[in-house]
Amino acid sequence: MVTNSSPQPASVPWIKRWWRRLPPSRQDRFATLAPLLSVLLFLTAIVVAIAYLRYEELEREQEAVTRDVEYAQQRLRLRLLERQEQLMRLAREIDNREIDTEEFTFQAETLVSQFPELLAISWVDGRRNVQASYASPSAPPDLIRPTGTTLSPAETDGSFDLARDLRQPIYSRPMGNNPRNATLMLQVPLTEQGRFNGTVMGEYSVDGLMRFGMPPEIMARYAVALVDDSGQVLAGTLQTPNTVLRLLPWANPPMEHEVPVSPVGNGLILKAQGYRTSQDIVGTGFFWVIGALSVLTVWMLLGTWRHTRRRVQAQQALMTETNFRRAMENSMLTGMRALDMQGRITYVNPAFCSMTGWTEAELVGRTAPFPYWPESDHDLLLARLEDELNGRSTPGGFEVRVQRRNGTIFDARMYVSPLVDPKGVQTGWMTSMTDITEPKRVREELSASYERFTTVLESLDSAVSVAPLGSDELLFANKMYRLWFGTRGHGHRRLVDLAGHQPQPSPDDGDAVDAFAGMPTETLTDAGAENAEVFAPELDRWLEVRTRYLTWVDGRLAQMVIASDITPRRNAEELAARQSERAQTASRLITMGEMASSVAHELNQPLTAISNYCNGMISRLKDDRISTDDLLAALEKTSRQAQRAGQIIQRIRAFVKRSEPNPMLSDVAQMVSNAIELADIELRRQQVRLTSYVAARLPALMVDPILIEQVLINLMKNAGEAIAEANRPPGERYVELRVGPRRHDDQDVIEFEVRDSGKGVPADMIERIYEAFYSTKSEGMGIGLKLCRSIVESHHGRMRVENLYNGEDVVGCCFSFWIPIASRLQPQAADAAAAQTLTDTERAR
């Protein structure tokens, strides 16, 4: 008996079990990708190893460069500090008056000769005058400073001023027009009894510091240079960038390090670059050999993989082609049915079976009557089938009722076409069936919606019409339009002409295609509507006409016009305008009535003077004691008093006279003068002092001067009443009027301010003082401030009120308003904006 030695499934490793479960195509793919992955991992490991070793090498080189550069910086620092100590010693001797200018020159010559980096040493007093100086023979000419020369601030670059302010040695930034001949300046301050007395100025050669202060071993190993804060080389040399193509992709430029030279600071920087002595040819070559072999292996593996894929694709091509047609038939939502020439069903797709509820096996081979025919429609469907078999079906299809297996019925549309085999012989008829139950329901709902929409338009109290551009054809008109204009398009055209919304044709330059060339065609439906209020004489109505361009259902550009009857609203606006005008006139009359006693007193003075002059002349004439010159003088004085009385009466008459609003270019100073002339009468009676300030050269305003004067008189009159009510002592009874240009809401305006010394407006009343018929005065009517703000807003201005404070105490009130210089009012306007509806807040006393 032979024993089966094959291992049991339980003892087979899991990877083998997984491998055996894979299809052959997947096994081929993994067998190809595994070597490719191994080669890529090997190449990655080599690159990582080389990069790591290279990184460690660069780190060591960078540490060496940093260490050596810092050592060189320390050497330079010690050399600069030694020179600084020597200059500070000179400064101390000068402060202690131990040396004079000759001794200073001798010691400076000694230092310059001993230390070649020093080019010049100068003694500069507190006024920048050179007391003594010595320069090296090799110094540039601009460093030779004779005794008595005055240094300019540019020559010291601000270091002199810093040494004076800080009282400590200050280094300047590198100076000089030529970077290679740059110099460095050290200012050591001098003091005399605690006061600044000048500096000892030492000037270094940056190139000398480089040559004599840099350790030779550093210069041998590195490219060293002194640079300024902008990177410009002042001394030494740096390596130019290597433009040769690097052999390794991770090859780096030479190591470099830079540090600021202390104590100079960031103005002088020491920079060093390590020399590259080797290109690492061996390592580079090793890397590229491994890379080339790896690429070759990958290329061969990819070629094998592509060959395997082509073989698998060839094996699956037939299966894909076979399943494609079946998948299309199964995924179609349209039911497909095939009949032979005798009317027998030879094929149905799954969609047809899903629609009817019958399976393919139950339908194939059946003849009429078919099981999905409703019993009540057998005769009609038999006639349809006869026409279909005889080729008499309509190309647009026909609508039928179909019964599902569960007895429900749905609407469907069928399209019939001949079924032709590859040889061109007709073998039957192909029928497609689509469920139109939902589209039919939607169509019926749309029809009902259209009827409702039409009913709404017919019920509107506005005339709605649509007509093509440039045509008298009327596309739509509702009931109100037909009632007003009939069924023709002349009414639509008439409304467009009245509203001025008719597009104008292009100028006849010979190139225009038609009257509407250049009009937009893509964005007409997005254009905003245009409104206009017009009067239709044929209807004796005021109409608000709104137009809008749209694209009609047939693609033509059309214009829709909506005309609404606004005659009642216009009548109400005209009535409100007349009422507002009457209220303004009544306010002026009330103001003058309240000022009647003051006006009478003002007129009494010139009239009394006239009476006295006349009585005096009569008495002297009777006694024959008057000469001709005295008589003429008395008559002239009488005439002036009569003119004065006449001017007062004329001004009052012009103020209270009722007239239509009349905007005109008005002089601001003249309006203020007229208002002050009337208001000052009442203020003097109340023992209130009025002061005014009007800015010079103010532009003229497009306003109604009488209305603006009315606002100013009301505000000044209210100010006087507020002071009288507050019982202020005589020294505190004053009203200030200030007029000047301002800037409000990004526009230039003229601002009028009226300040008083009364008790102000209570905080709880500020929000209500502009309300109609609201007043804090016992005899006030509550319309003065409301009219004032209405007048200001009718001139496109604004009015405000605020209390004046001294600490927490209210010491007065300020009413102000402004009128824009660039007014939108037109002169001689029939419907002046002064009759607008009264709005906003109002002051009451």
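## Overall Surface and Composition

The protein chain exposes about 48400 Å², and carbon and sulfur atoms supply 54% of this area. Accessible areas come from the Shrake-Rupley method with a 1.4 Å probe, and for residues only the protein chains shown count as cover. The model is predicted, so local features need pLDDT of at least 70 and side-chain atom pairs count only at pLDDT 80 or more, while totals for chains, interfaces and linings use all residues. Residues are numbered from 1 along each chain as its sequence is written, and side-chain values use heavy atoms, with hydrogens and water left out.

The protein chain has 20 helices and 26 strands. These elements are DSSP runs numbered from the N terminus: helices are H or I runs of at least four residues, and strands are E runs of at least two. Of the 845 residues of the protein chain, 40% count as buried. Buried means under 20% relative accessible area, exposed means over 50%, and partly exposed lies in between (1.4 Å probe, protein chains only). Among contacts between residues at least 6 apart in sequence, 60% join residues at least 24 apart; a contact means heavy atoms within 4.5 Å.

## Salt Bridges

The structure holds 36 salt bridges. A salt bridge is a side-chain nitrogen of Lys or Arg within 4 Å of a carboxyl oxygen of Asp or Glu. One of them joins R337 to E388, with the closest N and O atoms 3.3 Å apart. This pair links distant parts of the chain, for R337 lies in strand β10 (residues 335-340) and E388 in helix α11 (residues 378-389), 51 residues apart. Both R337 and E388 are buried.

A salt bridge also connects R413 and E399, whose closest N and O atoms are 3.9 Å apart. Here the link runs between strand β13 (residues 409-420), which holds R413, and strand β12 (residues 398-403), which holds E399; the two residues are 14 residues apart. R413 is partly exposed because its relative accessible area is 24%, and E399 is partly exposed because its value is 32%.

The side chains of E751 and R742 meet in a further salt bridge (3.2 Å, N to O). E751 has a relative accessible area of 5% and is therefore buried, whereas R742, at 40% relative accessibility, counts as partly exposed. Elsewhere, salt bridges that share partners join R79, E82, R83 and E117 into one network.

## A Positive Surface Patch

R26, R29, R306, R309 and R310 form a positive surface patch. Patches are made of residues with over 30% relative accessible area and no salt bridge; like charges are joined within 9 Å, and nonpolar side chains (Val, Leu, Ile, Met, Phe, Trp, Tyr) within 5 Å. Lys and Arg count as positive and Asp and Glu as negative, while His and the chain ends are not counted. The place of a charge is taken as NZ of Lys, CZ of Arg, CG of Asp or CD of Glu.

Helices α2 (24-95) and α8 (281-331) each supply at least two residues of the patch. The largest share, three residues, comes from α8, the helix in which R306 is found.

## The Surroundings of V801

V801 is found in strand β25 (residues 798-806). With a relative accessible area of 17%, V801 is buried. Not counting residues up to four places away in sequence, V801 touches V761, I766, I769, Y770, C813, C814 and F815. For C813, 12 residues from V801 along the chain, the C-alpha atoms of the two residues are separated by 7.4 Å.
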